[in-house]
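The sequence and the structure come first, and the description follows.

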Amino acid sequence: MDTPRDSLTDVPGFRVGHAGVGGVGALSGTTVVLAPPGGAVAGVAVRGGGPGTRETDALDPENVVERIDAVVLTGGSAYGLDAVGGVMAWLEEQGRGVRVGPEPYQVVPVVPAACLFDLGRGGDWRARPDASVGRAAAQAAGSAGPEAAEGNVGAGTGAVVGGIKGGVGTASVRLASGATVAALAVVNAVGSPIDPLTGILYGEYGGRGEYGTRSPQPPPTATHLAAQARIAQARERMGLPPLNTTLAVVATDAPLSRPQARKLAGTSHDGLARAIRPVHLMHDGDTVFALATGTHGANGGAAPGPLSAAELNHVLAAGADVVARAVVRGVRAATSVEGPGGTFPSYRDLYGS
């Protein structure tokens with residue numbers, strides 16, 4: 001059994017690829033979560049008031065698509081959904097998608113996607129992901145190993161959360177049953193991940209701390225006051241209204257039906273609510289996808305059977321836990337950005353490691 005990396009790629013078969021928008025004034029990018037060959041059962045839940053999505057209706061259990069091959073998370077607001085075209089083209093070349101004819105190339109990839117708002121954060125309003133960026137992210141996922149980069153990468157390149165720099169974070173847990181539940185989050189919210197009274201990240205309270213403690217220690221008072229002043233300045237420079245959106249993918253090798261995958265996507269939003277306050281606002285488009293391969297137990301000789309109610313509850317609870325920790329890791333991994341589009345200090349620079 002592989003050593004867990006605390007990453008979405010701890011779920012066997014999943015790979016993550018990132019690509020950024022090139023050029024002066026660019027601060028945006030795209031992230032692709034690639035499912036293993038054969039795809040994954042998928043569900044989605046949208047809680048924010050300003051979502052930008054594509055192909056989410058295909059995930060309704062009433063509809064025909066049984067499995068999907070990739071999920072795209074992208075910057076660039078609705079413009080950035082153009083990145084999906086490049087991902088579809090790459091999948092088509094691999095012969096992956098819904099088969100609609102007898103020939104290997106006769107496929108239609110179904111690629112659910114969601115976008116976040118980062119327009120102009122690098123200074124150039126028109127620097128946003130297109131099909132070429134999507135293709136680059138898909139190719140990166142296709143050739144990637146089990147490592148998944150965090151911080152200012154892919155869709156997290158221009159992410160901002162509560163006035164500080166956001167980014168990509170990922171986390172996983174192995175349940176007592178042996179099944180794995182993992183998450184990747186792109187942290188880009190109107191609300192803040194930081195408790196204004198203490199400077200501690202909300203996602204560090206309760207449960208497993210990122211540094212082995214259940215009682216995170218607050219930073220020195222002087223450090224916290226100075227950090228809050230810098231955050232207030234950053235928020236003021238950004239202007240109003242803030243436009244954001246946090247995106248996440250939760251993956252598991254547990255055998256889930258399509259309705260159960262949709263339920264997992266919904267309950268995993270609880271992790272966002274634990275780690276960001278307030279969340280799911282009208283200027284957020286918070287969207288969580290859930291993917292399940294159902295391969296856990298298959299290597300033991302017998303195909304995995306349906307989960308009991310108790311087993312399903314463990315998966316649902318774990319989804320919220322790993323999303324909360326992925327948010328913490330994304331905030332901690334982000335690095336400060338200063339440029340023509342604004343100054344976005346990182347938690348690390350404000351509070352130290």
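Contact means heavy atoms within 4.5 Å. The model is predicted, with local features needing pLDDT of at least 70 and side-chain atom pairs counting only at pLDDT 80 or more, while totals for chains, interfaces and linings use all residues. Residues are numbered from 1 along each chain as its sequence is written, and side-chain values use heavy atoms, with hydrogens and water left out.

**Threonine 246 and asparagine 188**

Helices (H or I, at least four residues) and strands (E, at least two) are DSSP runs, numbered from the N terminus. Threonine 246 sits in the loop between helix H3 (221-238) and strand S13 (247-252). Leaving aside neighbours within four places in sequence, threonine 246 is in contact with Val186, Val187, Asn188, Ala189, Leu272, Ile276, Asp286 and Thr287. The side chain of threonine 246 reaches the backbone nitrogen of asparagine 188 at 3.2 Å.

Asparagine 188 belongs to the loop between strand S12 (180-186) and H3. A polar contact of 2.6 Å links the side chain of asparagine 188 with that of arginine 121. A polar contact is a pair of N or O atoms within 3.5 Å; within protein, one must be able to donate a hydrogen and the other to accept it, and residues adjacent in sequence count only if both atoms are side-chain atoms. With neighbours within four places in sequence left aside, the contacts of asparagine 188 include Leu116, Phe117, Gly158, Asn244, Thr245 and Asp284.

Arginine 96 is placed in the loop between helix H1 (83-93) and strand S6 (98-99). A polar atom of the arginine 96 side chain lies 2.8 Å from the backbone oxygen of alanine 35. Leaving aside neighbours within four places in sequence, arginine 96 is in contact with residues including Leu34, Pro36, Asp69 and Val107.

Tryptophan 125 is in the loop between strand S8 (113-115) and helix H2 (131-143). Not counting residues up to four places away in sequence, tryptophan 125 touches Phe117, Leu119 and Gly120.

**Accessibility**

Buried means under 20% relative accessible area, exposed over 50%, and partly exposed in between (1.4 Å probe, protein chains only).

| Residue | Relative accessible area | Class |
|---|---|---|
| Threonine 246 | 0% | buried |
| Asparagine 188 | 0% | buried |
| Threonine 245 | 2% | buried |
| Arginine 96 | 15% | buried |
| Tryptophan 125 | 46% | partly exposed |

**Helices H4 and H5**

Helix H4 (residues 258-275) packs with helix H5 (residues 309-333) at an angle of about 40 degrees, and their axes are 7 Å apart. Axes are lines fitted to C-alpha atoms, for helices over the stretch in contact, and angles run from 0 to 180 degrees between N-to-C directions. H4 and H5 are therefore oblique to each other; angles under 35 degrees count as roughly parallel, over 145 as roughly antiparallel, 65 to 115 as roughly perpendicular and the rest as oblique. Residues making the contact include Leu264, Thr267 and Gly271 of H4 and Leu316, Gly319 and Val323 of H5.

**Backbone geometry**

Most residues other than glycine have a negative phi, and most peptide bonds are trans. Threonine 245, in the loop between H3 and S13, has a positive phi of about 120 degrees although it is not a glycine. Serine 77, in the loop between strand S5 (70-74) and H1, has a positive phi near 55 degrees. The peptide bond from arginine 277 to proline 278 is cis, with omega near -15 degrees, and proline 278 lies in the loop between H4 and strand S14 (287-292).
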